[in-house]
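Here are my notes on this one, jotted down as I went through it. Have a look at the structure first, then read on.

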Amino acid sequence: MTKLTYIAHDGTRFDVDAENGSTVMENAIRNAVPGIEAECGGACACATCHVYVDEAWTAEVGEPEAMEEDMLDFAYNVQPNSRLSCQIKVRDALDGLIVRVPERQG
Amino acid sequence: MQCRTISQWGQRMTETIKTDVLIVGAGPIGLFAVFELGLLDMKCHLIDILDRPGGQCAELYPEKPIYDIPGWPTISAQGLVDKLMEQIHPFKPEFTFNRMVSSLEKLEDGSFRVTTDEGEVLEAKVVVIAAGGGSFQPKRPPIPGIEDYEGKSVFYSVRRMEEFRGHDLVIVGGGDSALDWTLNLQPIAKSVTLVHRRPEFRAAPDSVNKMYAMQEMKELQFLVGQVSGLTGADGQLSSATIKGGPDGDVEVPCTRMLPFFGLTMKLGPIAEWGLNLHENLIPVDTEKFQTSVPGIFAVGDINWYPGKLKLILSGFHEVALMSQAAKRVISPGERIVFQYTTSSTSLQKKLGVHD
């Protein structure tokens, strides 16, 4: 299991154990992290699972691909560390990953 | 997202369209309802805000595979829509696209009169709401106070280009809608500023090249950044603040803004129809899938009942049962004979497969 931490907009911390191969979005939904809507269910088609990757983790998580970058155009207050959590796959190297939930989704 | 703002607004129908069943929403469940209702001899007319059938399957994830359609180990969402269109073809459903239902009234004879947002009038004995997550509507960009300007100086679509003549125009977005309108309105606007959060665009490369060429010629301005604030009074815009660009905050004087931030789903005017609602869903019974108003049914993602699952396959089941109930509304007293398509010659005739 890989440990992930979500920090909700109000500062509440959610530490969860995630299975490798699942997505950061799926684990947020399973653990009822507030502020992750995932309207399209993970099809990279809506930009409502937008998160900010903690600065210490941006290099390891990597950059969004072109399609995700296109979808990020629809997200609220996009920053250089913005990602759609449905496009981040959990793996060993992400053990300890911290992501922050924006004030709102779109 | 496609640019569907340039559509056939001209063809306004004046005659009332009459049908047995008006289906609101042409997604997979609305389409399959045509089949089940058709087997029971009911004619259907479908209305959808999109410009083609398929709903979310067509708009959100056409290329994505679906794995839980019985009998199809895998099928793309668009593939499913295509198959459903083929399946309902014998029943000759009619479609009105690019329209949203607005008002509904119950007539004295128990039928319903429904009006679209462009003024068309339809009358049906039964209304089936198969509106999924709601109507696709332009997404409001996250700019504080933008509501005050909507419909006065901020618009989410261009219905008449003349309304933008002579204005200082800010267009926001990086898709085809944003680029097409930048190019089309530039000749008549006083000035055009395109704002997008990055120098790459989703729009067709040809449009992007044209835009950059016009920027070279100083015929328009392109700014990288996000609109963070609006200034104006009484709904009239006077400037927009763009942040996040290379030059820090930039103030752009403007009198009209067109944000293109894609589509989101909203229940829309159906919420005003006097139906009981439960967290923006429409509660129904699980025998008829009827709403709190007799003669109005709700199927698919938009309805709610204990145990509800938002699955396409559940919606298919719902329309089969709903059709039995709808038949009783349309042909009261008529005996409904339960038949299988495999063995019934009368059903096969309707399907055009009987030899």
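**Notes on the model**

1. Let me start with B:Val319. Setting aside neighbours within four places in sequence, B:Val319 is in contact with B:Ile29, B:Phe32, B:Ala33, B:Glu36 and B:Val299. Keep in mind that this is a predicted model.

2. Where does B:Val319 sit? Its place is in helix α6 of chain B, which covers residues 312–330. Is B:Val319 buried or exposed? B:Val319 has 26 other C-beta atoms within 10 Å, and the cut-off for buried is 20 or more, so B:Val319 counts as buried.

3. One distance, in case you want it for orientation: B:Val319 and B:Gly173 lie 146 residues apart in sequence. In space, C-alpha to C-alpha, B:Val319 and B:Gly173 are 39 Å apart.

4. On to a helix pair in chain B. Helix α1 of chain B spans residues 28–39 and helix α3 of chain B spans residues 77–88; their axes come within 9 Å and cross at roughly 20 degrees. Because angles under 35 degrees count that way, α1(B) is roughly parallel to α3(B). The crossing of α1(B) and α3(B) is left-handed.

5. Which residues make that contact? From α1(B) come B:Pro28, B:Leu31, B:Phe32, B:Val34, B:Phe35 and B:Gly38. The α3(B) side brings B:Leu80, B:Val81, B:Leu84, B:Met85, B:Gln87 and B:Ile88. By type, the residues of this α1(B)–α3(B) contact split into 10 nonpolar and 2 polar, with no charged ones. B:Phe32 turns up here and also in the contact list of B:Val319.

6. Now a sheet in chain B. It is open, has 3 strands in the order β13-β14-β15, and its pairing is antiparallel. Which strands form the edges? They are β13 (226–233) and β15 (250–253) of chain B, each of which pairs on one side only. Ignoring direction, neighbouring strands of this sheet are turned by 25 degrees against each other on average.

7. A closer look at one strand pair: how many bridges join β14 to β15 in chain B? There are 4, between strand β14(B) (residues 236–243) and β15(B), and the two run antiparallel. For B:Ile242, the bridge partner in β15(B) is B:Val250.

8. Last, the contact between the chains. Chain B puts in 13 residues and chain A 12 residues. On the side of chain B that touches chain A, the residues divide into 4 nonpolar, 5 polar and 4 charged.

Technical notes
Residues numbered from 1 in each chain as written. Chains lettered and ligands numbered in written order. Predicted model: local features only at pLDDT ≥ 70, side-chain atom pairs only at ≥ 80, totals over all residues. Axes fitted to C-alpha atoms, helices over the stretch in contact; angles between N-to-C directions. Parallel < 35°, antiparallel > 145°, perpendicular 65-115°, else oblique. Left-handed = near helix turned anticlockwise from the far one by under 90°. Contact = placed C-beta atoms within 7 Å. Nonpolar A, V, L, I, M, F, W, Y, C, P; charged D, E, K, R; others polar. Pairing = 2+ DSSP bridges. Buried ≥ 20, exposed ≤ 12 C-beta atoms within 10 Å, placed from the backbone.
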